[in-house]
Every structure is written in C-alpha cells, then in structure tokens.
Amino acid sequence: MTDVVDAPLETVENHDDHGGGHQSSLGLSNMKLAFWLFLGSECLLFGALISAYLISKTRFIAEVVAGNPNVVSTMPEELIHEFQEAGSVEPMFDIPFTSLSSFVLLMSSLAMVLAHSAVIRDDLKNTRIWLGTTALLGSVFIGGQIYEFTAFYREGLGYTGNLFGSAFYTLTGFHGIHVTGGIIMLLSLLFLSFKGKLNSDRAETVELVGLYWHFVDVVWVLIFTIVYLIP
C-alpha cells in the first residue's frame with residue numbers, strides 16, 4: 001500500500017526537478033512571485049517619493065507667494081514672479097514636450113508586448129526588432145528627460161537651491177534611473193539573442209523584463225499626472 005502511494009509522489013518530484021516548472025502555492029513560478037514582491041516594494045518607494053514631492057511643492061509655493069527671502073533669492077526674479085502670479089510651478093513646465101516624451105514611453109510598452117509575443121513563437125528576428133525598438137524608445141525618453149533637466153537648471157531650478165527642486169529632481173530622476181535599468185535589461189536580452197540563448201524556453205525571462213518595463217511606464221503616467229498636469 002505504501003509503494004502505491006509513494007509512486008505518484010516520486011513521479012511528481014521528478015517532474016519538478018527536471019521540468020524547471022517550480023510553482024508557488026499561488027500558481028506562479030517562484031521567480032515570478034519574487035518579481036511581483038519586488039515590484040510591490042517599488043510601489044511603496046515611489047509612493048513615498050511622490051508624497052515627499054507633494055509636501056515639498058506645497059511648502060515651496062506657500063513660501064514663494066509669501067515672498068520668503070530664503071527661497072526667492074535662490075531663483076531668478078522673472079521665474080519667481082511667474083510662480084507668484086500662477087500660484088503654482090506650472091509656468092516652468094513645457095507640457096507639450098513632456099506629453100510627447102510620455103507618449104514615446106507608452107509606445108515602448110506596446111513594442112515590449114510584441115517582443116514577448118515573438119519570443120513565445122520562437123520568432124528570433126521579430127524578437128530582436130521589438131526588443132531593440134523598446135530600448136530605442138526608452139532611450140529617446142531618457143534623452144528628453146536630460147534635455148528637460150538641463151532647461152530647468154538654466155532657468156534657475158537647481159537640485160540644492162530649494163526644497164521643491166530637490167524633491168522634483170529626486171522623484172523624476174529616480175524614475176529615469178529605473179528606465180535606464182530597464183534599457184540595460186533589454187540590451188542584455190538582445191545580447192542573449194545573438195548568442196543563440198533566447199528562445200521560447202526563456203520566454204518567462206522576457207516576460208519578467210516586460211513586467212518591469214510596464215511597471216515603469218505606469219509609474220510615469222502617475223508621475224506625469226501629479227507633477228505636470230495638476231497645478
């Protein structure tokens with residue numbers, strides 16, 4: 001009787017050992033579960049940064065409107081005057097430019113979906129095309145962010161000049177670092193494809209990179225709305 005019970009259990013164990021399909025109790029692979037936990041911690045981190053930005057912006061505008069010399073003296077008079085008239089930092093932003101940059105980043109998510117679909121089909125050519133496209137669109141976004149930071153610095157918004165500048169650069173710059181990390185992951189996948197090590201057996205790896213990329217895009221939609229669109 002014991003042999004009858006043990007036999008199927010041994011079969012299952014052998015399948016798990018050699019099939020590479022270790023599953024958690026939630027029906028996800030251990031790697032995917034760990035990745036979701038990582039993204040959850042990232043949500044908490046970005047939530048803290050967004051909260052810090054909102055608090056800093058509110059204090060900054062209140063001090064600018066009140067004419068606090070410690071704040072006003074750190075920026076050009078023309079820019080301070082615009083902030084005082086608008087009662088917000090909105091005059092500093094180039095909304096059309098940032099909207100276009102945001103659209104480019106969102107389109108990169110579509111390219112990532114197509115890359116994952118291609119690797120499942122063992123379509124190496126299209127996998128490379130769409131991974132490269134995703135990395136290129138992400139690089140365009142980073143280029144736009146660098147241009148924007150440069151423009152803000154020339155207008156007088158430095159990182160250490162006031163609390164708002166520190167919070168703004170920390171939040172948007174931290175997101176930019178995440179995008180850069182995603183680009184490095186994409187380029188690593190491209191490298192593997194040219195080494196002949198990226199096929200349907202590695203589809204989960206591409207899927208996890210895709211999850212990270214989509215997460216970064218969703219976070220940017222939230223940041224763009226809060227930072228640029230809400231006065």
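Tutor: Let's take the overall content, then the helix pairs, then some residues.

Student: Experimental or predicted, to begin with?
Tutor: This is a predicted model.

Student: How many helices and strands are there?
Tutor: The protein has 8 helices and 0 strands. Along the sequence the pattern reads α-α-α-α-α-α-α-α.

Student: And what percentage of the residues count as buried?
Tutor: 39% of the 231 residues.

Student: On to packing. Which numbers describe a helix pair?
Tutor: The angle between the two axes and the distance between them.

Student: OK, give me those for α5 and α6.
Tutor: Helix α5 covers residues 95-120 and helix α6 covers residues 124-155. Their axes come within 8 Å and cross at roughly 160°.

Student: Parallel or antiparallel, then?
Tutor: Angles over 145 degrees count as roughly antiparallel, so α5 and α6 are roughly antiparallel to each other. Their crossing is left-handed.

Student: What about α2 and α4, what's their angle?
Tutor: Roughly 105°, with the axes coming within 9 Å. Here α2 is residues 30-66 and α4 is residues 77-86. The range 65 to 115 degrees counts as roughly perpendicular, so α2 and α4 are roughly perpendicular to each other.

Student: Which residues meet there?
Tutor: From α2, Phe-60, Val-64 and Val-65. From α4, Ile-80, Phe-83 and Gln-84. By type, the contact of α2 with α4 has 5 nonpolar, 1 polar and no charged residues.

Student: Switching to single residues. Where does Thr-98 sit?
Tutor: Thr-98 is in helix α5.

Student: Buried or exposed?
Tutor: Its relative accessible area is 2%. The cut-off for buried is under 20%, so Thr-98 is buried.

Student: What does the Thr-98 side chain pair with in a polar contact?
Tutor: The side chain of Glu-148, at 2.8 Å.

Student: Which other residues does Thr-98 contact?
Tutor: Beyond neighbours within four places in sequence, Thr-98 contacts Trp-220, Phe-224 and Tyr-228, along with Glu-148.

Student: Next, Val-72. Which helix is that?
Tutor: Helix α3, residues 69-72. Val-72 is partly exposed, at 23% relative accessible area.

Student: What does Val-72 touch?
Tutor: Gly-67 and Ile-80, if residues up to four places away in sequence are not counted.

Student: How far is Val-72 from Phe-60?
Tutor: 9.8 Å, C-alpha to C-alpha. The two are 12 residues apart in sequence.

Student: Last topic, backbone angles. What is the phi of Asp-122?
Tutor: Asp-122 has a positive phi of about 60°, although it is not a glycine.

Student: Where is Asp-122 located?
Tutor: In the loop between α5 and α6. Asp-122 is partly exposed, with a relative accessible area of 46%.

How values were computed. Residues are numbered from 1 along each chain as its sequence is written. This is a predicted model: local features need pLDDT of at least 70, side-chain atom pairs count only at pLDDT 80 or more; totals for chains, interfaces and linings use all residues. Side-chain values use heavy atoms; hydrogens and water are left out. Axes are lines fitted to C-alpha atoms, for helices over the stretch in contact, and angles run from 0 to 180 degrees between N-to-C directions. Helices (H or I, at least four residues) and strands (E, at least two) are DSSP runs, numbered from the N terminus. Angles under 35 degrees count as roughly parallel, over 145 as roughly antiparallel, 65 to 115 as roughly perpendicular and the rest as oblique. A crossing is left-handed if the near helix is turned anticlockwise from the far one by less than a right angle, and right-handed if clockwise. Buried means under 20% relative accessible area, exposed over 50%, partly exposed in between (1.4 Å probe, protein chains only). A polar contact is a pair of N or O atoms within 3.5 Å; within protein, one must be able to donate a hydrogen and the other to accept it, and residues adjacent in sequence count only if both atoms are side-chain atoms. Contact means heavy atoms within 4.5 Å. Ala, Val, Leu, Ile, Met, Phe, Trp, Tyr, Cys and Pro count as nonpolar, Asp, Glu, Lys and Arg as charged, and the others, Gly among them, as polar.
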